[in-house]
Amino acid sequence: MTTTEENRQHASQLKLMVFDVDGVMSDGGLFYSDEGVETKQFNCRDGLGLRLLQNSGLQIAIITGRKARCVEHRMANLGIDLLYQGVNNKLATLHELLARLDLRADQAGFMGDDIIDLQAMAACGFSAAPADSHPLALRQAGFVSSLTGGHGAVREVCEFILAAQGKLDAALAPYLPA
């Protein structure tokens, strides 16, 4: 089991943080309109956490097994252009992404919630999971959020990373009263 201090050390080295979508950025529920259009609910606090990471110099990527237009819209809104949807082998996609960005696996983190995420989580220097993840994902994660997927877990992880890198106070400063 990874200790809190080991997690901080791993998080302090990150240059890239990768997130799954369903069960991490959303609660995993899928909504379909009568026309068959898939929609999801995203948490605005998670979105601000992602922006805080970006503004602090970390790259953000999304690797998800499903493909949905609403995910494209949300990531465009957040300025995240490293978006990989419809991925069956997340580990292979992660390796391609690391090569493209000229990063080592220990400079990357992955937040996932289910068995499809396990290999990518294990390959990274830092891994995280929402509180309501599959038991195997919880066991694989170095950091387990106290919050559930789609309900602030991403934000909690973002702030943990920023704190580990000594950047949290500076990231929050523009929002605090004078």
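Two strands count as paired when DSSP finds at least two bridges between them. Hello everyone, and please keep that in mind, since pairing runs through much of this talk. What you see above is a predicted model, and I'll walk you through it piece by piece.

Let's start with the sheet. In what order do the strands of the open sheet sit? There are 6 of them, and the order is β5-β4-β1-β6-β7-β8, with parallel pairing. At the edges we find β5 and β8, residues 143-144, each of which pairs on one side only.

Now let's zoom in on β7, residues 126-129. This strand is joined to β6 by 3 bridges, and the two run parallel. One of the residue pairs here puts Phe110 with Ser127 of β7 as bridge partners.

On to β8: β7 and β8 run parallel and are joined by 2 bridges, and Ala129 stands opposite Val144 of β8. Here the chain passes from β7 to β8 through helix α6, residues 135-140, in another β-α-β crossover that is right-handed.

Which way do the side chains of β7 point? Phe126 and Ala128 point one way, Ser127 and Ala129 point the other way, and all of them are buried. In a regular strand, side chains alternate between the two faces of the sheet.

Let's move over to β4, residues 59-63. Why can we call β4 largely enclosed by the rest of the structure? Because 4 of its 5 residues are buried. This strand has pairing partners to look at, too. With β1, residues 16-19, β4 runs parallel, joined by 4 bridges, and Leu16 stands opposite Gln59 of β4. With β5, residues 82-84, β4 pairs in the parallel sense over 3 bridges, and Ile63 stands opposite Tyr84 of β5. Between β4 and β5 the chain crosses through helix α3, residues 69-78, and this β-α-β crossover is right-handed.

Next, the helices. Helix α4 covers residues 90-101, and Thr93 is found there. This helix lies across β1, β4, β5 and β6, residues 108-111, and runs at about 155° to β5. Is Thr93 buried or exposed? Thr93 is buried, because its relative accessible area is 11% and the cut-off for buried is under 20%. Setting aside neighbours within four places in sequence, Thr93 is in contact with Ile63, Tyr84 and Val87.

Helix α2 spans residues 44-55. Its 12 residues reach 16 Å from first C-alpha to last, close to the 16 Å expected at 1.5 Å a residue. Which residues of α2 are buried? They are Asp46, Gly47, Gly49, Leu50, Leu52 and Leu53. The buried residues of α2 pack against β1, β4 and α3, and also against α7 (153-164) and α8 (168-172).

Now a loop residue, Asp20, which is found between β1 and β2, residues 31-32. Asp20 counts as buried because its relative accessibility is 4%. In sequence, Asp20 and Thr64 are 44 residues apart, and in space they are 5.0 Å apart, C-alpha to C-alpha. Beyond its neighbours within four places in sequence, Asp20 contacts a whole list of residues, including Ile63, Thr64, Gly65, Lys90, Met111 and Asp113.

Let me finish with the cysteines. A disulfide is a covalent bond between the sulfur atoms of two cysteines. How many disulfides does the structure hold? The number is 0. Cys158 is in no disulfide either, and its nearest cysteine sulfur, that of Cys44, is 14 Å away.

Conventions: Residues numbered from 1 in each chain as written. Predicted model: local features only at pLDDT ≥ 70, side-chain atom pairs only at ≥ 80, totals over all residues. Heavy atoms only, no water. Buried < 20%, exposed > 50% of the residue type's maximum accessible area, 1.4 Å probe, protein only. Contact = heavy atoms within 4.5 Å. Right-handed = clockwise from strand over helix to strand, strands pointing away. Axes fitted to C-alpha atoms, helices over the stretch in contact; angles between N-to-C directions. Disulfide = S-S within 2.5 Å. Expected span 1.5 Å × (residues − 1).
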